[in-house]
Amino acid sequence: MGKNIRTEAVEQLFEAILSLENLEECYLFFEDICTINELLSLSQRYEVAKMLRKHYTYLEIAEKTGASTATISRVNRSLNYGNDGYDMVFDRVEKKKDEESEI
């Protein structure tokens, strides 16, 4: 099994992220804490996960996102056998969109 991510340092990082109040604060913080490539890699994985959830093929995903098949496979494994973190976030984002469209 891989390394345990539940460390004090990771917990402090997550607490810092949870303290962010809006999109602009996210940009400011993540531009400071991540390299551009790290941030683009994270956003690419999120996009890959969204497309996999919508049943796009690996080829379609690779063409649209530029992700390697290894990255797509890794994200797919997380979607199928992970901790359901992607699904939790997707459901919350969708719920928020629905609530905002009702206003």
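**Labels and their grounds**

Analyst: The lining of the largest pocket has 22 nonpolar, nine polar and 17 charged residues. Here Ala, Val, Leu, Ile, Met, Phe, Trp, Tyr, Cys and Pro count as nonpolar, Asp, Glu, Lys and Arg as charged, and the others, Gly among them, as polar. This is a predicted model: local features need pLDDT of at least 70, side-chain atom pairs count only at pLDDT 80 or more, and totals for chains, interfaces and linings use all residues. Residues are numbered from 1 along each chain as its sequence is written, and side-chain values use heavy atoms, with hydrogens and water left out.

User: What makes a set of points a pocket, and what volume lies in the largest pocket?

Analyst: The search uses a 1 Å grid over the protein atoms alone; a pocket is an open set of points where a 1.4 Å probe fits, with protein on both sides within 12 Å along at least five of seven lines. Grid points are joined across faces, edges and corners, and the volume is the space filled by probe spheres set on the points. On that basis the largest pocket holds about 2600 Å³. Lining residues have an atom within 4 Å of a point. There are 48 of them, and Leu42, Tyr46, Gly85, Tyr86 and Val89 are the closest to the pocket centre.

User: Which element gives the most to the lining of the largest pocket?

Analyst: Helix α6, with 12 residues. α1 (8–18), α2 (23–33), α3 (36–53), α5 (69–81) and α6 each supply at least two. Helices are DSSP runs (H or I, at least four residues) and strands likewise (E, at least two), numbered from the N terminus. The chain has six helices and zero strands.

User: Why is the pair Tyr86 and Phe90 called stacked?

Analyst: Rings of Phe, Tyr and Trp (its six-membered ring) pair if their centres lie within 6.5 Å; planes under 30 degrees apart count as stacked, over 60 as edge-to-face and the rest as tilted. Tyr86 and Phe90 lie 6.0 Å centre to centre, with 20 degrees between the planes, so they are stacked. Both sit in helix α6 (residues 85–102), four residues apart, about one helical turn. Ring pairs also link Tyr46, Tyr86 and Phe90 into a cluster.

User: What makes the pair Phe29 and Phe30 edge-to-face?

Analyst: The angle between the planes is 85 degrees, at 5.5 Å centre to centre. The count comes to three aromatic pairs.

User: How do you know whether Phe90 is buried or exposed?

Analyst: Buried means under 20% relative accessible area, exposed over 50%, partly exposed in between (1.4 Å probe, protein chains only). Phe90 has 6%, so Phe90 is buried. Tyr86, at 22%, is partly exposed. Of the 103 residues of the chain, 15% count as buried.

User: What makes a nonpolar core, and which residues make up the largest nonpolar core?

Analyst: A nonpolar core is a set of buried Ala, Val, Leu, Ile, Met, Phe, Trp, Tyr and Cys residues joined through side-chain atoms within 4.5 Å. The largest has 10 residues: Val48, Ala49, Met51, Leu52, Ile61, Ala67, Ile72, Val75, Leu79 and Phe90. α3 and α5 are the elements that give two or more. The largest share, four residues, comes from α3.
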